[in-house]
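Subject: Structure handover and notes

Hello,

Here is the structure we talked about. Please open it and keep it in view while you read the notes below.

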There are 2 protein chains.
Amino acid sequence: MVTHTEENYLKAIYKISEKDKKPAGTNAIAKEMDTSAASVTDMLKRLSEKGFIKYQKYKGVNLSSKGSKIATNLIRKHRLWESFLVDKLDFTWDAVHDIAEQMEHIKSEVLVQKLDEYLGFPKFDPHGDPIPNADGKFTLRVQILLSLLRKNDKAVIIGVKEHDDDFLRFLNSKNLQLGSKVIIIEKNDYDKSMTVTVEGVQVMLSEKITKQIYVKKHE
Amino acid sequence: MVTHTEENYLKAIYKISEKDKKPAGTNAIAKEMDTSAASVTDMLKRLSEKGFIKYQKYKGVNLSSKGSKIATNLIRKHRLWESFLVDKLDFTWDAVHDIAEQMEHIKSEVLVQKLDEYLGFPKFDPHGDPIPNADGKFTLRVQILLSLLRKNDKAVIIGVKEHDDDFLRFLNSKNLQLGSKVIIIEKNDYDKSMTVTVEGVQVMLSEKITKQIYVKKHE
DNA sequence: TAATATATTTAGATTAGTCTAAAAAAATAT
DNA sequence: ATATTTTTTTAGACTAATCTAAATATATTA
Ligand SMILES: [Mn+2]
Ligand SMILES: [Mn+2]
Ligand SMILES: [Mn+2]
Ligand SMILES: [Mn+2]
């Protein structure tokens, strides 16, 4: 048995050790979970006793295979529900994360199966993030940051690094979405900002923005 | 703010006082919630302090308008999700209750709105129970128990009183579902059992069964 | 290497929700 | 009207999850 809160910790640990490629530290987890370091230590003991993590005092923490299974399944459910909300209920990509945070905790194997089927077994969610399969395997894909492209390059937007709702709404306002075709018109050497055309229209994008957008080069 | 558990208590209180047409007693709530009477008393104090119920020691409990709003909204969400599971994900009516018990707690006004629209604003759930609208109003409907019909009566099944999964699966096995047309062939005076045809096929139904099925008389 | 800074853990409390056992109130029966 | 039964509340304790403040371990820097 794993509680709602334990699930969230396991997901946080997964994300952190995935990003940093090393055991997750107490403070990093506290930040991700928006809680105190003391609370994290308490929880790590509990998770360790339940066999979800490998934990040694002061040494940081790694998921066990049991914990990893739970974390990837949670991510799978989160992304499937986000897909449902966007594809079926017509939500925009900036409005689905908080709802999916709740829905990912619904417990029912058959529900996930049927949902996956209903959605047509999507491989990526509305933000371009890969949806792990039932075994926790992610589809890998070549993706580079928009910031790395050069003048005259053509590309298609396939994902975003940042998931902040305000950032997503900014992209909406510039007509930048998954699948949008962009052409680099100009790149400023000094501040690294770019002028691009998005589906015909010209927009200027600062480096802060272009470093958050994943693209696939075109032609 | 209302917790998951508080929501469940409010729903239980709603159901009980609806059925008994009087304030809900501690023991009745304890039974519905599958918990101890002592825990219920604790919770009643908390709910009372939050203004969700009107409670006087030893006198039983009634929902306040605030509490009633929460309870009916929970029922609305429960029944909408059950409809979703059956209509969109192809679940059978005996497999949706436990999942909907979880989904009813998802917090998002706009989600409920969009779900309602996506389902085509259904008025009844897969068990024939009315789905309250956003104001908590239920659609009323003439419905009588199958047990009250007489020889040669014709009727359509529009609901079930009992929601137990085994009972629902029993009905599946006899091909009895919402919308099924039944004709009373014979009614046994002694044990009140009935022989009926369901979509052409003859079956025998004990009174225990016929008292759990709501129908609308036909012609 | 010793001093300082940072990261982590412990100590001790708090809140929500739960329990069992015992006490008290209300309802029912004699 | 009293005794008995049933219902409800209180007392006291437990777990999960959280907090702040203090202590300790580890890492960094001089
Ligand atoms: Mn998300
Ligand atoms: Mn996403
Ligand atoms: Mn139900
Ligand atoms: Mn139902």
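Predicted model: local features only at pLDDT ≥ 70, side-chain atom pairs only at ≥ 80, totals over all residues.

Residues are numbered from 1 along each chain as its sequence is written, chains are lettered from A and ligands numbered from 1 in the order in which they are written, and side-chain values use heavy atoms, with hydrogens and water left out.

**Metal ions**

A donor here is an N, O or S atom within 2.8 Å of the metal (3.2 Å for Na, K and Ca); water is not among the atoms, so sites may look incomplete. Helices (H or I, at least four residues) and strands (E, at least two) are DSSP runs, numbered from the N terminus.

Glu82(B) belongs to helix α4 of chain B and His127(B) to the loop between α6 (109–118) and β3 (144–145) of chain B, so the pair ties together parts that are 45 residues apart in sequence. Which residue coordinates both ions? Glu82(B) does, and the two manganese ions are 3.5 Å apart.

Buried means under 20% relative accessible area, exposed over 50%, and partly exposed in between (1.4 Å probe, protein chains only). Glu82(B) is buried because its relative accessibility is 1%. His127(B) at 2% and His78(B) at 6% also count as buried, whereas His97(B), at 26%, is partly exposed.

**DNA strand D**

A residue is near a strand if one of its heavy atoms lies within 4 Å of it. There are 22 residues around DNA strand D, and Thr3(A), Thr35(A), Arg46(A), Tyr55(B) and Lys57(B) come nearest. By class, eight are nonpolar (Ala, Val, Leu, Ile, Met, Phe, Trp, Tyr, Cys and Pro), five are charged (Asp, Glu, Lys and Arg) and nine are polar (the others, Gly among them). The helix α3(A) gives the most to this surface, with five residues. Of the DNA atoms within 4 Å of the protein, 74% belong to sugar or phosphate and the rest to bases.

Some polar contacts (pairs of N or O atoms within 3.5 Å) go to phosphate oxygens of DNA strand D. A polar side-chain atom of Lys57(B) is 2.4 Å from one, and a polar side-chain atom of Thr26(B) is 2.9 Å from one. Tyr58(B) uses a polar backbone atom, at 2.9 Å.

**Strand β4 of chain B**

Six of the seven residues of β4(B) (residues 154–160) are buried, so this strand is largely enclosed by the rest of the structure. Strands pair if DSSP finds at least two bridges between them. β4(B) pairs in the antiparallel sense with β5(B) (residues 181–187) over three bridges, where Ala155(B) stands opposite Val182(B). β4(B) also pairs in the antiparallel sense with β8(B) (residues 213–217), over five bridges; there, Gly159(B) has Tyr214(B) as its bridge partner.

Regards

Key. Polar contact = N/O pair within 3.5 Å; in protein donor to acceptor, adjacent residues only side chain to side chain.
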